[in-house]
Structures are given as structure tokens and as C-alpha cells.
Amino acid sequence: MSIASKPAGVEFRNVSRLYGNTAAVNDVSFTIEAGTLVTLLGPSGCGKTTTLRMIAGLEMASSGTILIGGKDVTRLPATDRNVTMVFQSYALFPHMTVADNVAYGLVVSGVRKRDAAAKAAEGLELVGLGGYGQRLPSELSGGQQQRVAVARALVLEPEVLLFDEPLSNLDAKLRRKMRDDIRELQQKLGLTSVYVTHDQEEALAVSDRIIVMNKSVIAQSGTPDELYRRPKNRFVADFIGGANLIDGELVGRGGGTATVALGRLTLSVPDPGLPAGEVLLAIRPNAIRLRTGETGGDGIPVTVRKATYLGSHMEYGLTSEFGDLFVVDPNVASPVPAGASALATFTGDGIAAVAR
Ligand SMILES: Nc1ncnc2c1ncn2[C@@H]1O[C@H](COP(=O)(O)OP(=O)(O)O)[C@@H](O)[C@H]1O
Ligand SMILES: [Mg+2]
């Protein structure tokens, strides 16, 4: 008896899911490589859960094709797909021991009791709950219950493991620990995992790739780094990393970079593949630095509207002729006070141009 992972890839080809006349998921296509963790990220109501449930077969596609491990499963019900979901609410049986909870799915699918118990013990070991089998769920903390839910899914040796906002019932510190645990386990076992969250930081932390959804369609997909550094549109720039969005003008392109003008200032950004003319500049809060007491230099004049000390960094609210700017600055030793005039300069990294 041992828990083996049999990861399979997942592919959506032009998949839609309609409720009445409204599309919860609208013509979505993507590929998830076997053995990777891919996150569906987006605001509430954008279609993440519906997408996940269509992978599981708990929801049927209205049109399009779904493949798991290269096999067309579009019309297969959940019971005929080797996919398991870890729910937000854990859904543990309160009257059963932890071990019986983990073994339950195996017993139901006809595995002999002794084998199921051995596998459950192994599953609990994997999630770090080796000695907890005889307890009741109510005798465990929230984080431990979450791990039981993961163990229960793992013992079924799914081809694809699905997580729907698995950490939203946990407090901030535990969330960080659990997300690291899930990522570690996923990598150790080489599981194909699809992870739903509305939390951009969580997505950046755990994912091989992120599929950003907005209003039932994919806004952009890519690695965490690609999405953060090269957002393709206003929505992604804003949703991931909360960029400042101000108007600029693209004046030239070449060699993989583009030159954009912000007033009299010119900045270099990754080539967005847009024609010359009006663009939106997405400037990360940590790509802006404040200078005081100097005249001239490459920057824009600003007034500090608000200065907040947060221990590890300062947050500034700035007013400029281009609009308000939000800044995160690690320099806490010599903060710029509210009311001061300053020059805002821009670091080379952390600025992207997107369509206006
Ligand atoms: N069973 C349903 N009947 C009607 N509308 C639904 C149903 N399930 C989801 N929707 C709608 O589909 C959209 C996407 O929902 P969902 O996939 O749950 O979003 P998310 O998980 O991103 O918050 C929402 O507008 C939601 O109201
Ligand atoms: Mg949801």
C-alpha cells in the first residue's frame, strides 16, 4: 500500500457554461500541464468555481470540449472522472474518527477495510497528522481539519486534485502556513492541482501558472512573474499587485522594449506590442522613490498627501499632475512627511504599458 500520484493534464477547448442566457464561463480555453499547480484567480463571481466544477464533472459544459489526460471527458459524470475536490468547508463527518473520515471514500468505492485503513494512515502521515487518526474532527484545529480534508482527497490517488478557496476559513498566519504545506505536498507528490482563490498574493505564492479570470473570460494567463511584470491589460495590472494606472504615451519600440513618455519624462518598459500613441502606464507601488531637497533630476514633481509608517516600510499617497500615486517605500529611516513637496522617480523595473 502506498499513495502514488498519477497526474494527468487538463485541457479546456472553447468551454462555456450557461445559466439561462448568462454565461458563468464564456468560451474559455487553457492547458494545464500534468504535475503542475495552476491557480484560477479573479474576483467573486468571475467563474472560478464553475470552471473548477466542470473539471470535476460536477457541472456540465454547455459547449466546448474538456480533456483530462488527453481523453475527452466532456460528457463524463464526476463518478467516472478520477478527480477529487478539497472544499472550503472541509465537509468532514463529525461523528467519524479522523482515520475513518480519510478512509471513507476508499471504503465507499469498494476497497477492503484493512487496506483502506492502511492507506488512510499513510495519508495522515503525509499531511503531518500521523498520531491523530483516532480523534474526532471537533478535537482538531481548523488547520488540522483542513489537512484531514487534503489527506482524504490524496488517498483516492486522483489524476487531478482541485482546491476551491481552501484557506478562506483560516486566519492570516495559518493561511500562509497551509498554502506553503499544500505547495510542498503538491511538488513532493508531483500532483496536478487546480487551485481557486481571489487572493492575488496566495496565487503568486503557490502557482506554477496563474489563469486570471474576469467576467467569465480569461483576462490573462502566465507565470506569476509574467503576470506581475508584464500585465496585458488594465484589469490584470490592477488586480495583481495593485498598480498605479496613469496615462502616458508610447513613443517608440525596439529590441524588446518600448519608450513611453510621461510629461517630459521618458521611461523604458517591456514592449507591450501596442502601436504608438496613448497607453496606460501600470506603475507598481514599489517602483516609485521619493527625493527631497534636490532640484532637477529625472522625475515628476509631487506633493505627499499622506505618509504612513508600517514598521517594515512606508506607504505614501502622492498628488501629481498625472493623478494620485500610491507608493510602498522600504526606507523607513528618513521618511518624507505629509505636506512635503518631492520628486518622484521611477525604478527601471515595475512599470508596464497596457492598452488604455
Ligand atoms: N447554479 C447556478 N445558477 C445560476 N447562476 C449561477 C450558478 N452558479 C453560478 N452562477 C453564476 O455564475 C457566475 C460565476 O459563478 P462562480 O463560478 O461561482 O464564480 P466565482 O467562483 O468566481 O465566485 C456568477 O455570476 C454566479 O452568480
Ligand atoms: Mg467560487
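## A tour from the ligand outward

Begin at ligand 1: one of its oxygen atoms is 3.2 Å from a polar backbone atom of Cys46. The model you are viewing is predicted.

**Stop 1: the ligand and its shell.** A polar backbone atom of Gly47 is 3.0 Å from an oxygen atom of the ligand. How much of ligand 1 does the protein bury? Taken alone, the ligand exposes 560 Å², and the protein buries 53% of that.

Next, select the whole shell. Tyr19, Ala24, Pro43, Ser44, Gly45, Cys46, Gly47, Lys48, Thr49 and Thr50 surround ligand 1. By type, the shell holds four nonpolar residues, five polar ones and one charged one. Which element gives the most to this shell? Select helix α1, residues 48–56: it gives three residues, the most of any element.

**Stop 2: an open sheet.** Select strands β2, β1, β4 and β5. They form an open sheet of four strands in the order β2-β1-β4-β5, with antiparallel pairing. Look at the two edges, β2 (22–32) and β5 (71–72): each has a single partner strand, so one side of each is left without a neighbour in the sheet.

Strand β1, residues 10–19, and strand β4, residues 63–68, are antiparallel and share five bridges. To find one of these, click on Ser16; its bridge partner in β4 is Ser63.

**Stop 3: helix α2.** Select residues 98–108, which make up helix α2. Its buried residues are Val98, Ala99, Asn101, Val102, Ala103 and Leu106. What do they pack against? Show α3 (113–126) and α4 (142–154): the buried residues of α2 pack against both.

**Stop 4: Ser193.** Select Ser193, in strand β8, which covers residues 193–197. Is Ser193 buried or exposed? Its relative accessible area is 1%, so Ser193 is buried. Show what is around it. Leaving aside residues up to four places away in sequence, Ser193 touches Thr36, Leu37, Val38, Leu161, Phe163 and Gln186.

**Stop 5: strand β19.** Move on to residues 341–346, strand β19. Five of its six residues are buried, so the strand is largely enclosed by the rest of the structure. Now bring in its partners. Strand β15, residues 288–291, runs antiparallel to β19 and is joined to it by four bridges. Click on Arg289 to see one pairing: its bridge partner in β19 is Thr345. Strand β16, residues 300–309, also runs antiparallel to β19, again with four bridges. There, Pro301 stands opposite Leu343 of β19.

**Last stop: the whole chain.** Clear the selection and zoom out. The chain has eight helices and 20 strands. Along its principal axes, the C-alpha trace spans about 80 × 45 × 40 Å. Of the 356 residues, 47% are buried. Residues 24 or more positions apart account for 66% of them.

How values were computed:
Residues are numbered from 1 along each chain as its sequence is written. Chains are lettered from A and ligands numbered from 1 in the order in which they are written. This is a predicted model: local features need pLDDT of at least 70, side-chain atom pairs count only at pLDDT 80 or more; totals for chains, interfaces and linings use all residues. Side-chain values use heavy atoms; hydrogens and water are left out. A residue is near a molecule or strand if one of its heavy atoms lies within 4 Å of it. A polar contact is a pair of N or O atoms within 3.5 Å; within protein, one must be able to donate a hydrogen and the other to accept it, and residues adjacent in sequence count only if both atoms are side-chain atoms. Accessible areas come from the Shrake-Rupley method with a 1.4 Å probe; for residues, only the protein chains shown count as cover. Ala, Val, Leu, Ile, Met, Phe, Trp, Tyr, Cys and Pro count as nonpolar, Asp, Glu, Lys and Arg as charged, and the others, Gly among them, as polar. Buried means under 20% relative accessible area, exposed over 50%, partly exposed in between (1.4 Å probe, protein chains only). Two strands pair if DSSP finds at least two bridges between them. Contact means heavy atoms within 4.5 Å.
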